[in-house]
Amino acid sequence: MSTQPKTFLTPEQYLAIEREAECKSEYFQGEMFAMAGAAEAHNLLVGNLVTGLNNHLRSRPCRVYPSDMRVRVSATGLYTYPDVVVVCGERRFLDDRRDTLLNPSLLIEVLSPSTEAYDRGKKFEHYRSIESLREYLLVASDRVHADLYARQPDGRWLLTSADRLEDSLDLQSVGYRLALADLYEKTDLPGSQPATAEPGSVPRLD
């Protein structure tokens, strides 16, 4: 067993390394944590989210960023890469490099087996401390399901869930109704294909 002490990095050292690295890493309390690649369904879901949000927000003062936009949680010191980031109004960055955002309005994470517990638990604890954050959306990548947490005026977080293609979620932070049929388009996940009528059946008119 190695007896060498662990080397801790300052945030400045982390950023210097990260900005030259080929792979992304999160940072917390002096340590860097490499991020794994994503499966096809994960990438398709992120693409559908970015496309839908960009189309909806074209005429509004909002920006949509995919997973290369780093976010710093100022209150806790976490540096991380949400799957989708939206900020409306003035954007505040850590420095002139403009690659570390401080004030997201909406954060979205697409879940995977290795990250789901973290995204629902400790990571959400970090995110809740971001004063600008209005909503946090968690999207399942193994089935049709999404959970939306919305900050209430009294500081509580209200959960709304959806798990059918005909369902939708109102992302009030950006004025966008997210249809699960659009979100899960082309993912080939269980329940992601619209139901089809049996051959020879007559559609109901009621």
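**View A. The lining of the second largest pocket in this predicted model comprises four nonpolar, five polar and four charged residues.** Ala, Val, Leu, Ile, Met, Phe, Trp, Tyr, Cys and Pro count as nonpolar, Asp, Glu, Lys and Arg as charged, and the others, Gly among them, as polar. The model is predicted, so local features need pLDDT of at least 70 and side-chain atom pairs count only at pLDDT 80 or more, whereas totals for chains, interfaces and linings use all residues. Residues are numbered from 1 along each chain as its sequence is written, and side-chain values use heavy atoms, with hydrogens and water left out. The second largest pocket has a volume of about 200 Å³; a pocket is an open set of points on a 1 Å grid over the protein atoms alone, where a 1.4 Å probe fits, with protein on both sides within 12 Å along at least five of seven lines. Its volume is the space filled by probe spheres set on the points, which are joined across faces, edges and corners. Of the 13 lining residues (those with an atom within 4 Å of a point), Glu135, Leu148, Ala150, Asp170 and Gln172 lie nearest the centre of the second largest pocket. Strand 10 (146-151), strand 11 (157-162) and strand 12 (168-171) each contribute at least two residues to this lining; strands (E, at least two residues) and helices (H or I, at least four) are DSSP runs numbered from the N terminus.

**View B. Strand 10 and strand 11 run antiparallel and form a hairpin.** Six bridges join strand 10 to strand 11, where pairing of two strands requires at least two DSSP bridges. Asp147 stands opposite Ser161, a residue of strand 11. Five residues lie between the two strands of the hairpin, and Gly155 takes a positive phi near 95°.

**View C. The largest pocket has a volume of about 610 Å³.** This pocket is lined by 28 residues, and Met35, Ala36, His42, Asp83 and Thr115 are those nearest its centre. Two or more lining residues come from each of helix 2 (40-56), strand 8 (106-110) and helix 3 (116-120). Helix 2 gives the most to the lining of the largest pocket, supplying four residues. By class, the lining of the largest pocket holds 13 nonpolar, eight polar and seven charged residues.

**View D. Strand 6 (84-88) is largely enclosed by the rest of the structure.** Four bridges join strand 6 to strand 3, and the two strands run antiparallel. Arg63 has Val87 of strand 6 as its bridge partner. Strand 6 also runs antiparallel to strand 8, with three bridges between them. In that pairing, Val84 has Ile108 of strand 8 as its bridge partner.

**View E. Tyr14 and Tyr27 form a stacked aromatic pair.** The structure holds seven aromatic pairs, defined as rings of Phe, Tyr or Trp (its six-membered ring) with centres within 6.5 Å; planes under 30 degrees apart count as stacked, over 60 as edge-to-face and the rest as tilted. The rings of Tyr14 and Tyr27 lie 4.8 Å apart, centre to centre, with 25° between their planes. The pair links distant parts of the chain, since Tyr14 belongs to helix 1 (residues 11-18) and Tyr27 to strand 1 (residues 25-28), 13 residues apart. Both Tyr14 and Tyr27 are buried.

**View F. Phe124, Tyr127, Tyr136, Tyr149 and Trp157 form one aromatic cluster.** The charged end of Arg128 sits over the ring of Phe124, at 4.7 Å from the ring centre. For a charge to sit over a ring, NZ of Lys or CZ of Arg must be within 6 Å of the ring centre and within 35 degrees of the ring normal.

**View G. Arg98 and Lys186 each take a positive phi.** Most residues other than glycine have a negative phi. Phi of Arg98 is near 55°, and Arg98 lies in the loop between strand 6 and strand 7 (100-101). Arg98 is partly exposed, with a relative accessible area of 47%. Phi of Lys186 is near 70°; Lys186 is placed in the segment after helix 5 (180-183). With a relative accessible area of 63%, Lys186 is exposed.

**View H. Ser59 lies in the loop between helix 2 and strand 3 (62-65).** Ser59 is exposed, at 71% relative accessibility. The C-alpha atoms of Ser59 and Leu78 are separated by 32 Å, while the two residues are 19 residues apart along the chain.

Technical notes: Buried means under 20% relative accessible area, exposed over 50%, partly exposed in between (1.4 Å probe, protein chains only).
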